[in-house]
Amino acid sequence: MAVARRPATKEKQRPTRANASTKRTTAQRRSVLRRHLTAHLNELGYTTPAPEAVGRLKPEVRRRNPYRGSLVYGATLLPSDLDDPEQHERLVFFANRRTKKRASIQLYIATEASERERVEALLERLGIRTQAQGGNVQLTVVEES
């Protein structure tokens, strides 16, 4: 009579280190993009963190110009985000946001230099940037170091 034995520790499925390091590098890459985006917005005069946004979607970066009071949103896009429908929904949502007086709110998108063409094609495909609209959406390209 054969007794079923429990698998040894070595036989158990464990997450591979490759997956863990991929997630870590993704978080690191997003952090670098966010840091460059924040520095770029500071140079443009948007130095004050803005209050929380109302709605179900929250922007990654919210900044306010302390003198003019104008608001900007920021987002970071990695290559893996370009195929993600949730990211597409976020981009469309924040690209179409307006102030109480119906003025467009600027949206700055930070991406790696190698992905610039793909991001521009995505923005056109989503209807965010066309020749008639999309002047409120700006790309901030970060050179890989």
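This is a predicted model: local features need pLDDT of at least 70, side-chain atom pairs count only at pLDDT 80 or more; totals for chains, interfaces and linings use all residues.
At one end of the strand order, β1 (residues 48-49) pairs with β2 (residues 61-64) in the antiparallel sense over two bridges. In this pairing Thr 48 stands opposite Arg 64 in β2, while Pro 49 has Arg 63 of β2 as its bridge partner. Strand β2 is in turn paired with β3, again in the antiparallel sense, over four bridges, and here Val 61 stands opposite Gly 74 in β3. These two strands, β2 and β3, form a hairpin with six residues between them, and in the turn Gly 69 has a positive phi of about 80 degrees.

**Helix α3 and its two faces**

Which residues of helix α3 are buried? In this helix, which spans residues 116-125, they are Val 119, Leu 122 and Leu 123. On the face of α3 that is turned away from the buried side lie the exposed residues Glu 117, Glu 124 and Arg 125. Just after the helix, Gly 127 takes a positive phi of about 80 degrees.

**An aromatic cluster**

A pair of aromatic rings is described by the distance of the centres and the angle of the planes. A search of the whole structure finds two aromatic pairs, and the table gives both values for each.

| Ring pair | Distance between centres | Angle between planes |
|---|---|---|
| Tyr 73 and Phe 94 | 5.1 Å | 65 degrees |
| Phe 93 and Phe 94 | 5.0 Å | 80 degrees |

Planes over 60 degrees apart count as edge-to-face, so with an angle of 65 degrees the pair of Tyr 73 and Phe 94 is edge-to-face. Tyr 73 lies in strand β3 (residues 71-77) and Phe 94 in helix α2 (residues 85-95), so this pair ties together parts that are 21 residues apart in sequence. The rings of Phe 93 and Phe 94, with their planes at 80 degrees, are likewise edge-to-face.

Are the residues of these pairs buried or exposed? Tyr 73 is buried, with a relative accessible area of 3%, and Phe 94 also counts as buried, at 4% relative accessibility, whereas Phe 93, at 29% relative accessibility, counts as partly exposed. Taken together, the ring pairs link Tyr 73, Phe 93 and Phe 94 into a cluster.

Conventions. Residues are numbered from 1 along each chain as its sequence is written. Side-chain values use heavy atoms; hydrogens and water are left out. Rings of Phe, Tyr and Trp (its six-membered ring) pair if their centres lie within 6.5 Å; planes under 30 degrees apart count as stacked, over 60 as edge-to-face and the rest as tilted. Buried means under 20% relative accessible area, exposed over 50%, partly exposed in between (1.4 Å probe, protein chains only). Two strands pair if DSSP finds at least two bridges between them.
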